[in-house]
Amino acid sequence: MFIERFLRMFDFLSVLIRAGTLTFQTLAIGGIAFLVVVLKPSGVEEPPIENVCRRWIRWTAIALAATQAVYLLSNLLILVTSGGLSLGEAVGANLVYAAGLSIAGALSIVYLSSAGRGQSGRAMLLPAGLILVSSVMTSHSVARMDNRLPLAVLTGLHQAATAVWIGGLPFLLLVLYRARMPVFLRNATQRFSRLALISVSILAAAGAGMGLVYVGSWSGFYGTAYGAMLFGKFALFAFLLTLGGLNFLTVRAAQSDDARGMMRIRCFCEAEIGIGIAVLLAAASLTSQPPAADMGVDRLTMTEIASRLAPQWPRFATPSVTEYAATFRPPQAAVVSPDSIPPPPTPLQIARRRLRQAQNIAWSEYNHHWAGLVVLAMGLLAFLARTNYFPPARNWPLLFIGLAIFLFFRADPETWPLGPRGFWQSWLNPEDVQHRLFVVLIIAFAVFEWKVQTGRAGLHGASLVFPAVCVLAGAALLAHSHSFGNVKEELYAELSHLPIAIFGVLAGWSRWLEIRLPSGDRTKPVLSWIWPVCFVLVGAILLNYREA
């Protein structure tokens with residue numbers, strides 16, 4: 001029973017484990033590169049700065065080793081229990097060697113970065129290279145029969161450049177907050193700015209080369225799940241590149257004693273780190289999909305996409321609970337032995353399945369459309385509140401309470417208070433528990449942001465709750481998977497959920513920057529309009545959501 005449940009959840013867990021692996025390896029490699037290329041040549045003004053960088057490198061390496069250990073044990077469990085392999089055969093798998101190499105490299109970094117070690121940062125470059133090689137070993141490039149070596153090289157360059165840029169940003173932020181000498185601070189930011197520019201160039205060139213091979217054609221870009229996720233990664237990368245460009249210009253213009261300019265750089269660094277992690281999450285989801293070039297069938301055509309996404313009037317009518325409940329528990333099928341062939345479904349069973357499918361679609365579309373109407377109203381009211389012409393519009397967060405009440409009743413028609421599953425029984429179902437927790441969090445979030453919008457919250461940190469929740473929700477949706485048993489239906493769902501995730505991340509970080517940037521910054525007025533637009537767009541997408 002445990003193995004069956006674990007296998008059902010492993011697709012989702014594997015994306016999270018891969019995301020954790022990419023994040024921790026990026027931070028570890030980026031921290032080492034920052035220590036060697038940026039911090040040392042800039043002249044460390046205070047030993048504690050280097051010590052703190054080494055400590056963070058050590059902790060990220062520990063986290064990487066732990067994540068890889070979980071990944072290794074999980075895959076061995078699956079290979080032995082469901083793959084029909086012995087433990088000796090499973091240990092010989094390529095993923096086992098790759099995980100072992102990554103763990104060895106991470107533990108070596110832990111040792112070399114520990115307190116009291118006299119080695120320079122260069123001593124950690126070799127184990128960082130081992131971690132990079134292990135990551136390439138589990139990529140799409142090694143699994144291909146053609147162009148394996150060139151693709152492996154491009155993958156290694158792509159991941160190394162990503163690590164140096166995105167992984168170095170938290171260490172730059174650490175320096176920006178801890179450094180006291182203006183000259184040292186300016187040297188460090190300028191050196192990292194040049195290093196980031198080189199990394200972005202390598203990252204883009206290597207990514208373009210891999211994209212040409214893995215996507216293969218224009219139809220592979222828009223007609224497959226791999227292409228859809230790649231588009232999402234491009235969109236996040238474009239936003240990240242915009243922030244990086246603004247930071248680059250600020251670094252070039254800032255003087256040694258320009259406290260305002262350095263504060264602006266810190267704020268943009270915070271947003272770059274967050275969006276960079278979202279990019280890594282998108283990359284983890286991308287590795288779980290077969291390359292578009294290998295998907296010769298089950299591709300969506302442009303006609304099919306246009307037909308599904310064509311605007312239609314939302315569904316505001318729903319099946320009655322009584323009619324829906326009639327298909328909750330179909331008659332028990334006759335018990336047959338494991339060796340016998342199951343009998344074909346009867347016409348009554350086929351009709352029941354079709355009715356249940358139609359009811360599921362109607363229920364889901366109804367929920368999405370009403371949720372979209374609420375989100376659209378919130379976006380429009382937030383828009384109106386920005387103009388200061390209608391002060392009551394600042395109460396727009398209270399609409400979240402209405403959304404929470406709606407979800408409380410409508411999240412699952414099979415559970416209390418609408419369905420046959422009772423209140424206490426529902427707490428034994430993990431999905432029902434998640435729905436209950438989401439309702440509580442939405443209500444708490446609504447009250448919190450309402451106080452911020454109406455000036456009732458005095459703490460500066462209170463205003464950061466809203467953007468943080470938006471970012472987390474968008475990131476969670478990037479890792480969300482769909483298992484409909486139909487490749488095309490899964491892609492249809494991806495085409496609607498992916499833009500919502502991107503707009504969620506964009507809304508969160510634009511609001512974050514609006515709050516964090518110093519007053520009078522010329523980008524604040526622009527940022528203040530971006531997140532309401534994202535809300536409106538998310539509402540429009542939900543209003544047009546369809547499953548058939």
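Rings of Phe, Tyr and Trp (the six-membered ring of Trp) count as a pair if their centres lie within 6.5 Å, and the planes of a pair are stacked when under 30 degrees apart, edge-to-face when over 60 and tilted for the rest. The exercises below concern a predicted model, in which local features need pLDDT of at least 70 and side-chain atom pairs count only at pLDDT 80 or more, while totals for chains, interfaces and linings use all residues. Residues are numbered from 1 along each chain as its sequence is written, and side-chain values use heavy atoms, with hydrogens and water left out.

**Exercise 1. State how many helices and strands the protein has, and describe helix α4.**

Helices (H or I, at least four residues) and strands (E, at least two) are DSSP runs, numbered from the N terminus. On this basis the protein has 21 helices and zero strands. Helix α4 covers residues 94–112, and its 19 residues reach 27 Å from the first C-alpha to the last, close to the 27 Å expected, where the expected span is 1.5 Å times one less than the number of residues. The next step uses burial, where buried means under 20% relative accessible area, exposed over 50% and partly exposed in between, with a 1.4 Å probe and protein chains only. Among the buried residues of α4 are Val-96, Ala-99, Ile-103, Ala-106 and Val-110. An α-helix has 3.6 residues a turn, so residues three or four places apart point the same way.

**Exercise 2. Find the aromatic pairs, and classify the one formed by Trp-396 and Trp-531.**

A search of the whole structure gives 16 aromatic pairs. In the pair of Trp-396 and Trp-531 the ring centres are 5.8 Å apart and the planes stand at 40°, so the pair is tilted. The two partners come from distant parts of the chain, 135 residues apart, with Trp-396 in the loop between α15 (347–387) and α16 (399–410) and Trp-531 in helix α21 (residues 524–543). Both Trp-396 and Trp-531 are buried, and together with Phe-400, Phe-466 and Phe-535 they form one aromatic cluster.

**Exercise 3. Identify the residues that touch the most other members of the largest nonpolar core.**

A nonpolar core is a set of buried Ala, Val, Leu, Ile, Met, Phe, Trp, Tyr and Cys residues joined through side-chain atoms within 4.5 Å. The largest core holds 98 residues, and Trp-165 and Val-175 are the ones that touch the most other members. Helix α12 (residues 259–287) supplies the largest share of this core, 16 residues. Apart from it lies another core of 22 residues, including Phe-400, Cys-534, Phe-535 and Leu-542.

Contact means heavy atoms within 4.5 Å. Leaving aside neighbours within four places in sequence, the contacts of Trp-165 include Phe-192, Val-200, Phe-237, Leu-241 and Glu-272.

**Exercise 4. Decide whether Tyr-545 is buried or exposed, and list residues in contact with it.**

Tyr-545 lies in the segment after α21, and it counts as buried because its relative accessibility is 6%. Leaving aside neighbours within four places in sequence, Tyr-545 is in contact with Ser-364, Glu-365, His-368, His-369, Ser-496 and His-497.
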